[in-house]
Amino acid sequence: MRQKIFIFVMVGILAFASFSGCRQMGVWTGEGAQEVEEGADSFEDGYKEGKD
């Protein structure tokens, strides 16, 4: 009985850790994508200014 409880607890911990890790990676990816978009906008503004 103790072994089954231990297995369920370990599976729960692993599932939570996996979810938490995936969420954090998503946050970092979103922040990086936002910075890239801002950089692209700045590049576009500079390109238009230089083209004029």
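Okay, thanks everyone. Before anything else, keep in mind that what you see is a predicted model.

Let's start with the fold. The secondary structure is quickly told: 1 helix and 0 strands. The radius of gyration comes out at 23 Å, while the globule rule would give 10 Å for 52 residues, so this chain is more spread out than a compact globule. You can see that in the C-alpha trace too, which spans about 75 × 10 × 5 Å along its principal axes. The helix, H1, covers residues 2-51, and Met1 sits in the segment before H1.

So how much of the chain is buried? Of the 52 residues, 0%. The accessible surface is about 5100 Å², and carbon and sulfur atoms account for 64% of that.

Now for what is on that surface. Which residues make the nonpolar patch? They are Met1, Ile5, Phe6, Ile7, Val9, Met10, Val11 and Ile13, and together they give a patch of about 820 Å². Take Met1 as an example: its relative accessibility is 78%, and because exposed means over 50%, Met1 counts as exposed.

Glu31, Glu35, Glu37, Glu38, Asp41, Asp45 and Glu49 gather on the surface as a patch of negative charge. Glu49 belongs to helix H1, and at 67% relative accessibility it counts as exposed.

That brings me to the charges overall.

What about pairing? Side chains of opposite charge can pair when their charged atoms come close. Here the count is 1 salt bridge. The partners are Glu44 and Lys48, with 3.4 Å between the closest N and O atoms. Since the cut-off for a salt bridge is 4 Å, that pair qualifies. Both residues lie in helix H1, 4 residues apart, which is about one turn of the helix.

Terms used. Residues numbered from 1 in each chain as written. Predicted model: local features only at pLDDT ≥ 70, side-chain atom pairs only at ≥ 80, totals over all residues. Heavy atoms only, no water. Patch = residues over 30% accessible without salt bridge, like charges linked within 9 Å, V, L, I, M, F, W, Y side chains within 5 Å. Areas by Shrake-Rupley, 256 points an atom, 1.4 Å probe, with all protein chains shown as cover. Salt bridge = Lys/Arg side-chain N within 4 Å of Asp/Glu carboxyl O. Lys, Arg positive; Asp, Glu negative; His and termini not counted. Charge placed at Lys NZ, Arg CZ, Asp CG, Glu CD. Helix = DSSP H or I, 4+ residues; strand = E, 2+ residues; numbered from the N terminus. Buried < 20%, exposed > 50% of the residue type's maximum accessible area, 1.4 Å probe, protein only. Rg over C-alpha atoms; globule rule 2.2 N^0.38 Å.
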